[in-house]
Amino acid sequence: MQFYLNGYAPGDPDIQAAAPGLEAGPGPLPETVDVLIVGTGPAGMLLAAQLSVFPGIRTRIVDRRDGPLQVGQADGVACRTVEMFEAFGLSERLVREGYWVNETAFWRPAPEDRGRIARTGRVQDTEDGLSEFPHLIVNQARLLQYLSEFMAKSPTRLAPDHGLDFATLAIDPAGDHPVAVTLRDAEGGERIVRAKYVVGCDGARSRVRDAIGAVPRGDFANHAWGVVDMLAVTDFPDIRLKAAIQSAEAGNILLIPREGGHLVRLYVDLGVIDPENREAFRSITQETVIETARRVLHPYTLEVKDVAWFAVYQVGQRVTDRFDDVGEDRSRAPRVFIAGDACHTHSAKAGQGMNVSMQDAFNLGWKLAAVLDGRAGPELLRTYTVERHAVAQELIDFDKEWSKIMASPPRDPRHPERAGVDPAELQAYFTQSGRYTAGVATRYAPETCLTADGTHQALATGFPVGMRFHSAPVVRLADAKPVQLGHAARADGAWRLYAFADAEGARLDALMHVLWKSEDSPVRRHTPRDADIDSVIDVRAIFQRGHRDLRVEDLPPLLLPRKGRFGLIDYEKAYTPDLKTGPDIFDLRGIDRSRGALVVVRPDQFVANVLPLDGHAALADFLGRILLDRR
């Protein structure tokens with residue numbers, strides 16, 4: 001973490017200097033804004049947090065609730081999501097407070113007595129080396145609180161405007177703030193806010209989605225589940241392990257231990273929904289769900305002491321046909337977007353809903369910031385629907401298979417003709433899908449200007465183009481501090497160039513010279529003259545030699561840039577392998593030691609391209625198709 005760039009200030013270094021005019025907070029909701037976000041769920045709050053760091057972008061977020069969420073709803077935080085939260089400086093809080101999902105246990109009817117359950121397997125939750133962070137369980141309300149506190153400390157001092165319900169919107173493409181949104185307060189009063197862009201993060205029954213004519217497509221759910229967060233006394237031995245439990249006749253349970261050492265969540269199978277009476281399941285009480293759980297857990301006992309949250313739900317697997325207001329219409333760029341449950345609905349049992357929703361927002365946020373900040377043209381915003389719609393469809397396909405397996409009764413070996421799922425099949429599918437549930441399987445296809453075709457992938461096989469940048473341990477040259485290379489990325493809208501040195505170092509030296517001096521340098525071309533040199537494209541170098549074999553004073557100027565109003569030197573651009581912890585980063589990530597590699601990473605931490613260190617023209621051409629000339 002870096003601070004004091006523009007002068008020493010006492011107190012909490014996470015509190016950034018307020019933008020002019022916002023020292024006392026954002027004030028009342030104005031008549032015009034740059035971005036209006038509807039909904040304070042995970043997608044909305046993540047998007048608001050990302051945009052809150054840009055002093056020149058006026059963002060507001062509204063919600064119909066009268067205050068922040070307090071309990072319940074989503075809880076699973078995938079490894080990839082924790083990686084993303086590191087870009088906000090929030091991963092340490094998540095890791096400290098959350099429950100770590102280390103292993104998963106599997107239970108099925110005991111062969112000798114199918115009226116009892118018995119443990120049949122136990123597997124590691126995520127494979128070694130998949131991420132530097134664990135899979136966590138954190139209450140959604142706490143996660144939203146982290147984001148709210150981040151926003152309050154940002155330059156814009158952003159805070160949600162509660163008690164305002166979205167009514168409708170109208171778009172006048174010719175206006176400077178072309179989207180007129182009508183909001184309604186608790187007393188029925190209405191007001192209009194005009195915005196350059198609107199993002200509907202208002203859930204599965206999204207009114208923003210309806211207002212732009214987008215349509216969810218897919219199947220209604222045919223199964224009901226009850227979910228209970230409880231404090232309980234039980235002799236079930238795996239109460240502090242994630243567990244998939246199949247009983248012979250009573251149904252199935254997905255057990256999720258919660259943070260704090262005592263709280264536990266049960267997803268309880270309530271059976272098939274009558275298609276002629278889909279609302280009947282809403283009359284099911286928490287007592288009924290708990291009693292069902294007791295039957296599934298037999299012969300173990302469950303004594304519930306307190307219920308923190310309860311819900312019964314059915315969710316269809318559906319994907320909205322488009323995630324913006326224009327779709328295939330190329331006569332203008334999109335002005336209204338949707339994210340999260342407004343785009344995709346599915347079961348909660350794979351733990352993907354909140355995670356995929358926030359990834360929607362992380363994908364969209366940097367693009368909105370780039371356009372509003374003058375870094376890129378509005379056509380960049382078309383890539384949002386292209387990229388995230390494909391991800392949503394993959395999510396639905398996965399959820400259908402996982403839900404089918406979870407809701408199926410265990411196969412009875414005495415009656416092989418009867419339908420059911422082999423418990424071994426359940427365990428195998430869980431293990432097979434580990435990368436997906438960890439959130440690291442997303443791969444953007446080369447369908448847009450943001451993802452290259454991977455021509456030079458062999459130079460860095462461990463950084464697949466289109467996938468998230470997989471961090472690895474390194475040593476920072478200037479202070480010999482062991483760090484994770486991926487943690488250099490902040491949620492600040494900047495692109496990252498990670499230059500891995502060639503064996504002789506000549507190609508790396510030449511690249512640094514071109515990026516620093518050449519008129520064709522994309523760093524020079526796309527950075528405003530009055531901005532810090534790394535504000536748009538942040539260049540980092542990773543050398544092959546150890547940190548004691550290199551001298552800071554020999555680094556090229558681009559790796560010792562002067563920044564801020566005092567022209568202070570940034571000493572955190574150069575790294576070396578961490579030789580104490582095993583294989584160094586060149587081996588871990590398949591870097592060609594002879595030629596080196598240049599890994600181009602988007603602001604949302606996805607690898608956009610891999611190039612040779614001497615591919616200067618190819619780098620300039622690639623970034624030139626995305627970023628505007630700011631000279």
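A: Strands are DSSP runs of at least two residues, numbered from the N terminus. The model shown is predicted. One such run is strand β13, residues 223–234, and W225 has its place there.

Q: Is W225 buried or exposed?

A: A residue counts as buried when its relative accessible area is under 20%. The value for W225 is 3%, so this residue is buried. As for its position relative to L144, the two C-alpha atoms are separated by 25 Å, and the residues are 81 apart along the chain.

Q: How many residues of strand β1 are buried?

A: Six of the seven residues in β1, residues 32–38, are buried, so the rest of the structure largely encloses this strand.

Q: Which strands are joined to β1 by bridges, and do they run parallel or antiparallel?

A: Pairing requires at least two bridges between two strands. Strand β11, residues 190–200, is joined to β1 by six bridges, and the two run parallel. Within that pairing, Y197 of β11 is the bridge partner of V35. Strand β2, residues 59–63, also runs parallel to β1, with four bridges between them. There, R60 in β2 stands opposite L36. Between β1 and β2 the chain passes through helix α1, residues 42–51, in a right-handed β-α-β crossover.

Q: What covers helix α1, and how many of its residues are buried?

A: Ten of the ten residues of α1 are buried. Among them are P42, G44, M45 and Q50. The buried residues of α1 pack against β1, β2, α2, α4, β11 and α7.

Q: What is the span of α4, and which of its residues are buried?

A: The length of a helix may be compared with the span expected at 1.5 Å a residue. Helix α4 has 13 residues and reaches 18 Å from its first C-alpha to its last, close to the 18 Å expected. Its buried residues are Q140, A141, L143, L144, Y146, L147, F150 and M151. The elements covering them include α1, β2, β3, α2, α3 and α7.

Q: How many aromatic pairs are there, and how is their geometry read?

A: Two rings pair if their centres lie within 6.5 Å; planes under 30 degrees apart count as stacked, those over 60 as edge-to-face, and the rest as tilted. The count comes to 18 aromatic pairs. One of the pairs is formed by F88 and F362, with 6.0 Å centre to centre and 45 degrees between the planes, and is tilted. This pair links distant parts of the chain: F88 lies in the loop between α2 and α3, F362 lies in helix α7, and the two are 274 residues apart. F88 has a relative accessible area of 5% and is therefore buried; F362, at 0%, is buried as well.

Q: Where does a stacked pair occur?

A: F463 and F469 form a stacked pair, 4.5 Å centre to centre with 0 degrees between the planes. Both of these residues are buried. Ring pairs also link F463 and F469 with Y498, F500 and F586 into a cluster.

Q: Which arginines lie over the face of an aromatic ring?

A: R335 lies over the face of Y197, at 4.8 Å from the ring centre. R524 lies over the face of W516, at 4.6 Å from the ring centre.

Note on methods
Residues numbered from 1 in each chain as written. Predicted model: local features only at pLDDT ≥ 70, side-chain atom pairs only at ≥ 80, totals over all residues. Heavy atoms only, no water. Buried < 20%, exposed > 50% of the residue type's maximum accessible area, 1.4 Å probe, protein only. Right-handed = clockwise from strand over helix to strand, strands pointing away. Lys NZ or Arg CZ within 6 Å of the ring centre and 35° of its normal. Contact = heavy atoms within 4.5 Å. Expected span 1.5 Å × (residues − 1).
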